[in-house]
Amino acid sequence: MTKNGATQSKQDKIWEALDRFRIEIPSWGFANTGTRFGKFVQHAAATSIEEKFADAGEVNRLTGASPTVALHVLWDVPNGTADVEKIRALEKQHGVKSGSINPNLFQSQEYKFGSIANPSAEVRKVALGHLLESVEIGRALGTRDLSIWVSDGSNYPGTQSISRRIGWMEEVLGAMHAATSEGQRLLIEYKPFEPAFYHTDIADWGMALHLAQKVGPRAKVLVDTGHHYPGTNIEQIVAWLLYVDALGGFHFNDRKYADDDLTLGSIDPYQVFRIFHEILSAPAAATEGIAYMIDQSHNLKGKMEAMVQSVVTAQELFARAAMIDREALTVLQDECRLIEAEELFRDSFWTDVRPMVRAWREARGLPADPLQQLRDSGYVDRIARERAQRNRSAVSSYA
Ligand code: PSV
Ligand code: MN
Ligand code: MN
């Protein structure tokens, strides 16, 4: 193939990949957040669902790639289905739809010793009630995914029965699964530690996979990239979950140490590229339903800017992974031509796709440089001014 021909085919691959790549943004990424040591309030942060939808709509207008916004039930839908009408109006107003529904099983005082794995049947019933209400909200909003993360666990050996708690989780999640309708899915998220520091009830992908397989066909595993021990081969987990048809989706963020929730690709973009490569290597049928979502909290960076950066970075890394000549790679792998295989792989990673992504944006009528456009639009200055007046001392309910 000529040099031009090769360039053309790379561009085709990239444009085709960008046309289908969508990544959900979290409502809580626009709210004031902090660390357990305190919160630094940003005037431009959103403090209501109206402001979160406005910000999400703006990110989608700039990137064209984030048409849905993840909602956390307690923070965004506190009145349950009674809030649905208001949310539908916001969807229309801002041109973004509700995405995954995230029940909150970690903030109520009742959950001190766990939610769905709490030894108390009473507390488990409360947790199930909240999960069933979340299913109802999802149904009323017409969304597909319910993302479940539980902070359940214990801080000291011997203080809880790890095995009995497994059975309790199976029961509650089974009852939740039974309440879902055809178009709904349960995504079960795992995390090795924090806030529990000795054992966490759903600590890794094996535990999440067991629960998903146990409770029913609509349950899948959710991989949050920040929820692994340092050095874990996340792309291998992804490959396995794809192989057993259990990969439901991702919470993307980056980390240096633990669940740092930094912007995607800010520390290790190669990690994200490797994950995308595994997905793009799998049969299309296994990857169709994968939910790409961002789960980040920006306590120092501007929230709008960080969200645009994240979506743009995700697009660029997806495009880079889409460029890999997988047929050629398979031959090199089969013939164990290690250096050539590695170089082919690295070549895509090191290719600067930004000019091609820019050309795609222009061709699709999107801003060529979304971050610059955000600055030029004055949106952040405006919301900072407006919101500062109203919310000088407000902090979000995000903990
Ligand atoms: C927990 O660390 C988590 O990743 C879960 O997905 C929660 O829903 C989210 O963070 C809250 O920010
Ligand atoms: Mn998460
Ligand atoms: Mn997390």
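Mentor: Happy to. The protein has 16 helices and 12 strands; these are DSSP runs (H or I of at least four residues for helices, E of at least two for strands), numbered from the N terminus. Its radius of gyration, taken over C-alpha atoms, is 21 Å, close to the 21 Å that the globule rule gives for 399 residues, so the protein is as compact as a globular protein of that length. That rule is 2.2 Å times the number of residues to the power 0.38.

A word on reading the model: it is predicted, so local features need pLDDT of at least 70 and side-chain atom pairs count only at pLDDT 80 or more, while totals for chains, interfaces and linings use all residues. Residues are numbered from 1 along each chain as its sequence is written, and chains are lettered from A and ligands numbered from 1 in the order in which they are written.

Now to our residue, Arg255. You will find Arg255 in the loop between strand 11 (247–252) and helix 9 (269–281). Arg255 is partly exposed, with 19 other C-beta atoms within 10 Å; buried would take 20 or more within that distance and exposed 12 or fewer, with partly exposed in between and C-beta atoms placed from the backbone. Beyond its neighbours within four places in sequence, Arg255 is in contact with Gly226, Asp260, Leu262 and Ile267, where contact means C-beta atoms, placed from the backbone, within 7 Å.

Six of the six residues of strand 11 are buried, so the strand is largely enclosed by the rest of the structure. Strand 10 (residues 219–224) runs parallel to strand 11 and is joined to it by four bridges; two strands pair if DSSP finds at least two bridges between them. Within this pair, Leu222 stands opposite Gly249 in strand 11.

Finally, ligand 1. Its surrounding residues include Asp224, His251 and Asp259, each near by the rule that the C-beta atom, placed from the backbone, lies within 6 Å of the molecule. Trp28, Asn102 and Glu189 are also among the residues around ligand 1.

Terms used. Two residues are in contact if their C-beta atoms, placed from the backbone, lie within 7 Å.
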